[in-house]
Amino acid sequence: MQKQSHFLYKVPLFVVLWLVFPMTNYASNKSLVEADSLFVNKKYTESFGIYNGIFEQGQYSPAMILKMAFIKEGLSDYTSALYYLDFYFKLTSDFKVLTKMEELAEKNELKGYKSSDFDYFISIYFKHKTKLSIILSLVCILLFSIVLRQKLKGVRSYGTALLFLLFTSVLFYISNFDLHSKKAIIIGKNAYLMEGPSPGSEPVVKVEKGHKVKIIEEGEVWSKITWENQEAYIRSSHIINLL
């Protein structure tokens, strides 16, 4: 009995610690040290090549992403700079980055980067979505055990049952539905937005790369997007999804 209670004592502590610390895939290797050294010595092109290799392996840190954005901005590749800044914002929820993105977009006459308080709220939500799902799951298990115990004792508690249904519904919703729409950056130079998913349809407008658009429906060849409150189609190869 003592071993069992000792184990049960450790489990909540482990869960709490796991929930408290951020779940970011931090990069930590020799390549990163080399890239940072090159960056400090202003060898930006060489450092970016190493950073990008690390990033493609699924490893990153907020500091590395910010350096990648800095390098791309210095090379006047504003499309890539905005892409990495957007990713950095999703990692950190740093509100100042939204202001930076708006300024950079306005300077280069790029559309789709106006942000709101709702965008900031959504970023906070998605940053902690996994932790929130775990907490809700634990609450649902606790409430279910209470309802079951009360039923075995012949006690009816509609309040607890309603709470269980409420938390279960919230958990189901956040697990199966997105609160935000997918967005992408146009990377195709002189990309045409079309009225339909066909090169033979009427063109809506020709746009430069760097604009951010909302994705309505994503396809292998054509994707349906929103451009200035108007639906249009663009070749999927001309956009890159924001993470």
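## Salt bridges

This predicted model holds seven salt bridges. Side chains of opposite charge can pair when their charged atoms come close.

K111 and E228 form one of them, with the closest N and O atoms 2.3 Å apart. This pair links distant parts of the chain, 117 residues apart. K111 sits in the loop between α6 and α7. E228 sits in the loop between β5 (222–227) and β6 (230–235). K111 is partly exposed, at 38% relative accessibility. E228 is exposed, at 51%.

## Bridges with a buried lysine

D77 pairs with K72 through their side chains, at 3.7 Å from N to O. K72 has a relative accessible area of 16% and is therefore buried, the cut-off being under 20%.

E231 bridges to K224, with 3.1 Å between the closest N and O atoms. K224 is buried, at 18% relative accessibility. E231 is partly exposed, with a relative accessible area of 48%.

Salt bridges also join into a network: D86, K90 and K212 are linked this way.

Most residues other than glycine have a negative phi. K42 is not a glycine, yet its phi is positive, about 65°. K42 lies in the loop between α2 (30–40) and α3 (44–56). The residue is exposed, with a relative accessible area of 62%.

E109 is also not a glycine and has a positive phi of about 55°. Its place is the loop between α6 (95–107) and α7 (117–127). E109 is exposed, at 66% relative accessibility.

## Fold and surface

The chain has nine helices and seven strands. Of its 243 residues, 33% count as buried. The accessible surface comes to about 15,700 Å². Carbon and sulfur atoms account for 60% of that area.

## Confidence

Mean pLDDT for the chain is 84. A score of at least 70 is reached by 86% of the residues. Helix α4 (residues 62–74) has the highest confidence, at a mean of 95. Helix α1 (residues 2–20) has the lowest, at a mean of 42.

Methods. Residues numbered from 1 in each chain as written. Predicted model: local features only at pLDDT ≥ 70, side-chain atom pairs only at ≥ 80, totals over all residues. Heavy atoms only, no water. pLDDT = per-residue confidence, 0-100. Helix = DSSP H or I, 4+ residues; strand = E, 2+ residues; numbered from the N terminus. Buried < 20%, exposed > 50% of the residue type's maximum accessible area, 1.4 Å probe, protein only. Areas by Shrake-Rupley, 256 points an atom, 1.4 Å probe, with all protein chains shown as cover. Salt bridge = Lys/Arg side-chain N within 4 Å of Asp/Glu carboxyl O.
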